[in-house]
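Have a look at the model first, then read on.

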Amino acid sequence: MPELPEVETVRRGLQPVMEGRVVARVKVNRPDLRWPFPDRMADRITGRTVMLLRRRSKYILADLDSGETLIIHLGMSGRMQIDHTTPGQFHHSPPVAQKHDHVVFHMEDGTRIAFNDARRFGAMDLVQTSAVEQHWLIDKLGPEPLGNQFDESYLIDALKKKSSPIKSALLDQRVIAGLGNIYVCEVLFRTGISPKRKASNLNASRIESLVPAIRDVLNEAIESGGSSLRDHRQTNGELGYFQHQFAVYDREGEACQNECGSKIFRIVQSGRSSFYCPKCQR
C-alpha cells in the first residue's frame, strides 16, 4: 500500500499538468473500483479547472472551480500515468497494459492522465470542498507529520495513554496521518526504540526524538521518489528508489548497519512485519 511519500511523489508529478488546468474530457471505463464511482463523475469534472492539488494523508485531493473536490486513493496498485501528446513534448509510454486504465483525464492542453489500477483497490469520490474534512475517509485522521500541528508536545500527549506497542501506535492513522509500515520501521531504528516498547512507557525525551526522525525519513523518501517494492511508480513511469536506503525494512538476517554485531530481526505485530535490531533498539 503506498504510504505518504509515494502519494506525495504522485501529487508533485501531477501538479504541473493538473493544477490551474482545465479538464477537457473524462472517460470512465468501468462503473467502480473498490466501490462505485460517484454519480455523473465524468460530467461533474469535465470542463472544470483544477484550482489546487493537495494531499491529505494517503489521499490526493483535487479542488475544482465548481466547489467540489475529487478524492483519489491509489489503493494497492493504483498509478497516475501522464502521457503528453502535445507536439514537442517528451512522450512517456504507459508502463502497464491499457486495459487497466479505468479513468482517463484529457486535459485541455492535450495531456492524458490515466488512473491505472490492475487490482482495483483504488477509489475516487467527489465531495463539496467545504466538507472534505468531514468525509468518512478523512474525518478521523490525525495531523500531518510534515505539518505545523505535529510537534513534540502533541506526540507526547497522544502517546501517554497508549497501551499498545509504539509500532502500532505510530501506525494508528488517528494519531499521525499517512505513516505506514515501511517508514515506521525506519524511524524506530533511527531513534533506537524497539517496536515492542509500550508507547506509554516511553519517556518524553524518547518521544521527542521521534518527531524530527519522522520528518527526516519522510522527506528523504519523498526526494527519492518513494519506495518501489512492488507496484509504486512515479507519474513518469519511473520507480522510486528509497528502498535502496532502507536500514532495517525487508533486511531480515542481514548485519545491522550500525556494525553492532547483531543481525536484523523480523517479528509480526498486528499482522504486519516489523524489522529491527535487537541490540540497537531498546
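Strand β6 (residues 101-107) runs antiparallel to β7 and is joined to it by 5 bridges. This is a predicted model, where local features need pLDDT of at least 70, side-chain atom pairs count only at pLDDT 80 or more, and totals for chains, interfaces and linings use all residues. Residues are numbered from 1 along each chain as its sequence is written, and side-chain values use heavy atoms, with hydrogens and water left out. Strands here are DSSP runs (E, at least two residues), as are helices (H or I, at least four), numbered from the N terminus; two strands pair if DSSP finds at least two bridges between them.

**Around β7**
- F105 has I113 in β7 as its bridge partner.
- β6 and β7 make a hairpin with 4 residues between them, and G110 in the turn has a positive phi of about 100 degrees.
- Strand β5 (residues 79-83) also pairs with β7, in the antiparallel sense over 5 bridges, with Q81 opposite A114.
- Strand β7 (residues 112-116) has 5 of its 5 residues buried (under 20% relative accessible area, 1.4 Å probe, protein chains only).
- Both of its faces are covered: R112, A114 and N116 sit on one side of β7, I113 and F115 on the other.

**The open sheet**
- An open, antiparallel sheet is built from 4 strands in the order β2-β3-β4-β8.
- β2 (50-56) and β8 (123-128) are the edge strands, each pairing on one side only.
- β4 (residues 68-73) pairs with β8 over 6 antiparallel bridges, and E68 stands opposite Q128.

How values were computed: Buried < 20%, exposed > 50% of the residue type's maximum accessible area, 1.4 Å probe, protein only.
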